[in-house]
Amino acid sequence: MKVTDFDRLLSLASDKELFPIIDKVLKGERLSFEEGVKLFKTSDLITLGLLANYITEKKNGKYAYFVINRQINPTNVCALDCNFCAFATMDRNDPKAYEMSYQEVVEKARYAVSQGASEVHIVGGLHPEWGFDVYLEMVYQIKRNFPDLHIKAFTAVEIDYFSRISGLSYEEVLLKLKEAGLGSLPGGGAEIFSPRVRRIIAPSKIGWKKYLQIHKTAHRLGLHSTVTMLYGHVETYEERIDHMIKIREAQDETGGFTCFIPLAYQPENNELNITEHTHGVDDLKTIAVSRLILDNIPHIKAYWVMIGEKIAQTALNFGADDMDGTVMEEKIAHFAGAKSPTQQQKEKLIRLIKEAGKIPVERDTLYNHLKVYEE
Ligand code: V47
């Protein structure tokens, strides 16, 4: 679409407050905190979506990505007790507690490879009795068996824990993991950076400064990472924008984030007294606003596990250009009441993307094209 056509289309915008923002976006100018909040507050969802989609297509054309991957959560025993988390337990004797052996983890990776996976995504509890060597060995065993498989593993929260239990610096921990075969870091654990929100939902988790310090350290060591935001609980629009702007500033420094993933809060089986799932309009707005604020992040992911297939598909015209993947075994969101399936067939992802008018691309973790499904 030519900018002139687009301009005409946007002259139909019903919220006149958006005009100066539209102008800035079309000129490629960076949006401010106040403008981000305004975007969240508008009820002109269609204009917001068109604007975000304009940026997505400018960055990634008509391509929309998926990955054949598997999630592996080696244990849910965790030294932290976050109020929003339904997955973890502090008690090894809790009937829902589990721990996988190396062999089980390797077998899960083997199955993933047999299904054509290019990536395993590994995160889990901060097990109070596992040393750093256990986690290192896990990575090493997978890499030894499947040298071509990309291992995206351990959130910044886990890296901080490894540093504390081993006495090593963040840099030393990351270097050892990289040597063992780690390919990149996933974005979990960011939640909302606001200290006010963290005091309510995750009082004992590392704060935003350490989270970003760990990611920036990884980037400087040549490891890419993704970055997330957990929304739909007690946070305000202002706190969401503040979160995004802190990410944008970190990205200006290192350029190591590949993708931003808004994670819709799942409300069941946890200690926050929130009973509702997020709604479609908020999910779409969050995707669109993040696309517009995070001008230096290449990709925005519509994670079908947490927003469902229908909204994730729609989000491909509201600023998202990635649907994550086949996942194969999702636990974290489903312990907390996610209504989506726990895995996805590749054919289904291709169909969802095509129906949204985009070109499906099977990617690897770093967004290299493995196969383009162009007719
Ligand atoms: O870190 C925990 C979140 C994250 C709940 O990096 C919850 O590409 C919603 O980070 N409701 C794990 N969310 C998932 C994650 C992720 C998923 C897909 C792709 C990538 C990526 C990362 O899930 C946790 C936490 O932030 N979480 N409990 C809940 N009740």
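Grid points get joined across faces, edges and corners, and a volume is the space filled by probe spheres set on the points. By this rule we end up with 1 cavity of 30 Å³ or more.

Quick housekeeping. This is a predicted model, so local features need pLDDT of at least 70 and side-chain atom pairs count only at pLDDT 80 or more, though totals for chains, interfaces and linings use all residues. Residues are numbered from 1 along each chain as its sequence is written, and side-chain values use heavy atoms, with hydrogens and water left out.

Back to the cavity. The largest one has a volume of about 30 Å³. What lines it? You'll find Glu-119, Lys-152, Thr-226, Thr-258, Lys-301, Arg-363, Thr-365 and Tyr-367 around the largest cavity. For classes, Ala, Val, Leu, Ile, Met, Phe, Trp, Tyr, Cys and Pro count as nonpolar, Asp, Glu, Lys and Arg as charged, and the others, Gly among them, as polar.

Now the largest pocket, which holds about 870 Å³ of space. It has 47 lining residues, and Phe-84, Gly-188, Gly-189, Glu-191 and Ile-332 lie nearest its centre. Helices (H or I, at least four residues) and strands (E, at least two) are DSSP runs, numbered from the N terminus. With that naming, α7 (156-166), β6, β7 and α14 (332-335) each give two or more residues to the pocket lining. By class, the pocket lining has 23 nonpolar, 14 polar and 10 charged residues.

On to the sheets. Two strands pair if DSSP finds at least two bridges between them. There's an open sheet of 7 strands, ordered β2-β3-β4-β5-β6-β7-β8, with parallel pairing. Its edges are β2 (69-72) and β8 (299-300), each pairing on one side only. Inside it, β4 (residues 150-153) runs parallel to β5 and is joined to it by 2 bridges, with Ile-151 opposite Leu-182. Another 2 bridges link β5 (residues 182-185) to β6 (residues 224-231), also parallel. There, Ser-184 has His-224 as its bridge partner, and Leu-185 stands opposite Ser-225.

The other open sheet has 4 strands in the order β9-β1-β10-β11, with mixed pairing. Here β9 (322-325) and β11 (369-372) each have a single partner strand, so one side of each is left without a neighbour in the sheet. Strand β10 (residues 359-363) is antiparallel to β11, with 3 bridges between them, and Arg-363 has His-369 as its bridge partner.

Last bit: domains. The bounds come from an automatic or database domain assignment, which gives domain 1 (3-56) and domain 2 (62-372). How far apart are the C-alpha centres of domain 1 and domain 2? They lie 29 Å apart. In terms of contact (heavy atoms within 4.5 Å), 20 residues of domain 1 touch 27 residues of domain 2.

Conventions: On a 1 Å grid over the protein atoms alone, a cavity is a set of points where a 1.4 Å probe fits but cannot get out, and a pocket is an open set with protein on both sides within 12 Å along at least five of seven lines; lining residues have an atom within 4 Å of a point.
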